[in-house]
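I opened this notebook to keep a record of what I looked up, entry by entry, in the structure shown below.

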Amino acid sequence: MKQRGADNRKTIQASVAKPKQLNATEMDITVESSVDYSTNTSSARRNRKGGGVANQLRLTKTWKAVFTGRVVFIICLAAVAAGLGTASWLLFRNSEEELGEQQFQAIAERAINGSQAIVVRKRLGTISMVSVLSSLFPKAEEGVSASGFEGWPFVYMDGYEEVAQNIIATSSGREMGFCPLVYPDQLSDFETHAYDWFLNLRQSQPPFPDSVANSSFGQGIWQPGPDGRAHVTDGSTSWGSPYEIVTPILQHNLGAHPALMLNLHFNPTRGVMIDNIITCVNQSITNGDSIDHCLGGAVTDMINLTSQTEDPGPSALLFEPIFPAFDNRTLVGLLASSIAWRESLEDVFNEDVSGVDCVLTTPGNTFTYGVRDGVPYDRGFGDLHDSSYNHLRHNITLTPDDLFSEFSTTYQLEMYPNSEFFETYETNNPRNATIGAVCIIVFVSALFFVYDFCVHKEFDARQELLEAKRMFVRFVSHEVRTPLNTVCMGLELMQEEMVNAMDAARRSGTGNANKDSQDKKETKHTSTPKLQGEQLVGKTVKGEDAFEWLSLSQSVLNNAQASVDVLNDLLNYDKVQMGELSLELSVVSLWELLDSTVNEFRLAAQERKINLSLDFGDVAKAYGDSPELEPASKKTGVDQLSKSTQARRVVGDVVRLSQVIRNLVSNGLKFTPEDGGLSVLARVEIVDAKAAPVEKTFKLSNGRKMILQREGVVFVDVTDTGAGMTPEQVETVFNDGTQFNANTLQGGGGSGLGLFIAKGICKQHGGSLGCKSDGLGNGTTFTLKLPLYKVPGPQPNHAEGAAEIPNPTEDTGESDEEENRSARILAVDDSLSNLKLLTRMLTNRGHHCIGASNGEEAVNLVEQNISAFDSILLDFEMPVMNGPTACAHIRKLGCSAFIVGITGNVLPEDVARFKEAGANAVLPKPFKLASLEQLWSEYGVTGRHPDSYDAREPLADEPSSSRRVVFTSS
């Protein structure tokens, strides 16, 4: 029993007498919210104002986000409808245009080739007629003339009209006129010959009337003149022809035509072409060449046919030279055939074709025809087609070189569509498709909005349920934490004072020669009067019973902490699941954190006869340390690591990391049977020194920035000899709500969320959490992995706002001076028991405490002297004035003290309200003094020398001096 008491005492001293141990149940203190700081007079109103307003703002933000999403969705639907409608319209319209273009290609190709074929047939018809005339008078000197004239030009063809009409009918011709070549000395004889033929010699047809070919001057060859018909008496021309010849129309396919006896050589357009034929023949004869190249037809440029009853539009004359069959080198006459170009476009289009522009071009003229209902019509001179359709141009040469002479005028025909052509292929399909596409989108949108309405109702119902659950958790959290706060603080205070008293009794009983110096040193850690060992242990209670009480109180604390852990898991679950768990970053000594956290479980492990060990041997080996191993355990402790090794730190939230370690160790103890073992092994993996250094910038919770170089990775292996797991269980161990064999294997309760939350915390720290097991009955190993950094000494400009992070194991030479400093603290709580316990815990640490029962009293105390306090501790819910409202008033007074909110309301909106009011940090209930001291250390909160309080005047209405016990800070 004595041995057990001694073991218990060592364990309790390790777990209780260390005031700076950290606890893993701290809550997140960094959230975003906006709240009302108005003064409230009742707890219910404070709840509504605090959580309710924040929740309302959060719901308002959610509603705005949903509304914005719906507006964006509607805009997107409208854009999709517009895009789909436009795309449908363009698709169908382009299809119609493509169909129209394809149809035009086929129509134009057929029409343009048909026009050329008509011109070619006209040319072949003239060749046929010339062949008849050449054969009829095969020699130049032969002829038929009743008047006694012989040879050309005194010839005529009986039955000419009938033969010419037949040829015209088969060759798409229009008119044919037979024109002998008459020289000036032959004019008079030729006129006598011609009229004798007209009036007397015709046999196959009835004779012409006496008025045929009569002019104002009487009978004779004529040409247009200024005053009407002029008599041709010689071969001269007004336009300067080099040849004095006359080419009168002797015979016409229509018989007594008004153009009979018209001299075609008078006009330059016609005359030049006649001269070209004569020149070609003369040059060939002179040069001894063949005249075959002169035999091709020659077409004039565009002319008007003045002798027509209806204007055929732009026309031309096709001249075909006549040579006697037996004398093919003597030019004796011409066959003139008229071409109305509009006729070449007739019958080449179907009746339903409209909207085609036909452009006829020569070197000197351009004329445009239109087509409507398959019939061509004159549009006018010039190129009048729509240039936007140039890409659909079709063209052809109507007078090909192989059928016409080289000096003939070249005619080009081009065809283009216009808008009228495509109107034929335009339908309502694009419009109908557009309307259909839009209707589909509208229909789908209507279905969506109906669905959205139903989902919205369901969402509202679920939101109300979630909000009710949230408020329930908030209520339960507050109502559980508040009484646990009194229990935990009371037990911790009792443990601390019992240990101090027992140590004092033990020292007094040993008769230590250094009693006075030891007592002087002990005053740094306790404020209770020195008790004689006989008073407490010898006469009042047995030492073994005292150790049993300490063990019992520690068990109560552990179970209370387990209850708080379950609450924390419930509150953190959503944030971890969404990756929104905020971190209060600081530079953390993982070695000390492991040591302090594991020590919390040593008493529980000892009670269950579980061997709990912590070893830093691999860490020391990695950095070349040579520590002296503990004789009993052969393990390397944290105090045996060198200063340089302890300078390796991790950057993270010390509370969250402690929560992870606590969860792993706690789970190991739960699943490890009696006489089993649970080992915690720290090891490191250092990066290659030759590798490029990796630096990272951190913004710490105190506002400082640090640039740290990553040195490697630290691993923490927590291995138990417990029940082990199957491979299937290993795969699901980190799922939320997982509990394996909860009734038979666990030694305690839990939420089933601990490992899920722990893994989320590790992930947000840039690390990982893994698990492995060799099967059931073979234990389990959980491995925590975190980045490791080397914290440099003081280096100017290394990090913006960064201060030197001293090594906690390094003796700076200033510890005595700092330990002799105490902080002046204002503690505010409406619970007298909580206030009494808190004040006593702080005074036991050597701090000077003043208490207040509500926020208004706190404001009044600060208003008397705004620099009187180094730190102010505020409860949340208090009568008269609550904590956040008091904090806001204190900040308005200009007080710069370090303000910490202490509350059982730990939802994000509650914490945010305190932060927005001006609190530097927020701690949850149950209150942990070690967490407060950690905050003071991180933010550089320092107190004063105790002697400085003796010289000041006391504050008005200050509580009794019993609350002003001065002790040195540990």
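I begin with the cut-off used throughout: a residue counts as buried when its relative accessible area is under 20%, and as exposed when that area is over 50%. The model is a predicted one, and I read every entry with that in mind.

**Entry: cysteines**

I asked how many disulfides a search of the whole structure finds. The search gives 1 disulfide, and I traced it to Cys 280 and Cys 294, whose sulfur atoms are 1.8 Å apart. I then looked up where the two partners sit: Cys 280 belongs to helix α5 (residues 268-287) and Cys 294 to the loop between α5 and β7 (298-299), so the bond ties together parts that are 14 residues apart in sequence. The torsion about the S-S bond is about -80°, and the disulfide is therefore left-handed.

For accessibility I noted that Cys 280, at 8%, falls under the 20% limit and so counts as buried, while Cys 294 is buried with a relative accessible area of 0%. I also checked Cys 887, which is in no disulfide, the nearest cysteine sulfur being that of Cys 895 at 9.3 Å. Cys 887 is buried as well, with a relative accessible area of 0%.

**Entry: nonpolar cores**

I asked which residues of the largest nonpolar core touch the most other members. In this core of 64 residues they are Tyr 160, Phe 198, Met 261 and Phe 319. I listed the elements that each supply at least two residues, among them α2 (43-136), α3 (160-171), β1 (175-180), α5 and β8 (315-322), and I noted that the largest share, 7 residues, comes from α4.

I looked up Cys 762 separately and found it buried, with a relative accessible area of 0%. As a general remark I wrote down that in soluble globular proteins nonpolar side chains tend to be buried together.

**Entry: a parallel sheet**

I next followed an open sheet of 5 strands, which has the order β24-β23-β25-β26-β27 and parallel pairing. The edges are held by β24 (848-852) and β27 (921-924), each with a single partner strand, so one side of each is left without a neighbour in the sheet. From one strand to the next the twist averages 20°.

I went through pairings within the sheet in turn. β23 and β25 are joined by 4 bridges, with Val 828 opposite Leu 874 in β25. Between β25 and β26 there are 5 bridges, and here Leu 873 stands opposite Val 900 in β26. The chain passes from β25 through helix α21 (residues 883-892) to β26, in a β-α-β crossover that is right-handed. Strand β26 (residues 898-903) pairs in turn with β27 over 4 bridges in the parallel sense, and Val 900 stands opposite Ala 921 in β27. Helix α23 (residues 929-939) packs on this sheet, where it touches β23 (824-828), β25 (871-875), β26 and β27, and its direction makes about 155° with that of β26.

I asked which residues cover the two faces of β25. On one side I found Ser 871, Leu 873 and Asp 875, and on the other Ile 872 and Leu 874, all of them buried; 5 of the 5 residues of β25 are thus recorded as buried.

**Entry: backbone exceptions**

The bond from Trp 152 to Pro 153 is cis, with omega near 10°, and Pro 153 lies in the loop between α2 and α3. The bond from Lys 925 to Pro 926 is also cis, with omega near 0°, and Pro 926 sits in the loop between β27 and α23.

Met 261, which is not a glycine, has a positive phi of about 70°; it is placed in the loop between β6 (251-252) and α5, and it is buried, with a relative accessible area of 0%. Asp 347 has a positive phi near 65° and is found in the loop between β9 and β10 (356-361). Asp 347 has a relative accessibility of 76%, over the 50% limit, and so counts as exposed.

Technical notes:
Residues are numbered from 1 along each chain as its sequence is written. This is a predicted model: local features need pLDDT of at least 70, side-chain atom pairs count only at pLDDT 80 or more; totals for chains, interfaces and linings use all residues. Side-chain values use heavy atoms; hydrogens and water are left out. A disulfide is a pair of cysteine sulfur atoms within 2.5 Å. Buried means under 20% relative accessible area, exposed over 50%, partly exposed in between (1.4 Å probe, protein chains only). Two strands pair if DSSP finds at least two bridges between them. Axes are lines fitted to C-alpha atoms, for helices over the stretch in contact, and angles run from 0 to 180 degrees between N-to-C directions. Contact means heavy atoms within 4.5 Å. A nonpolar core is a set of buried Ala, Val, Leu, Ile, Met, Phe, Trp, Tyr and Cys residues joined through side-chain atoms within 4.5 Å. A crossover is right-handed if, with the strands pointing away from the viewer, the path from the first strand over the helix to the second runs clockwise.
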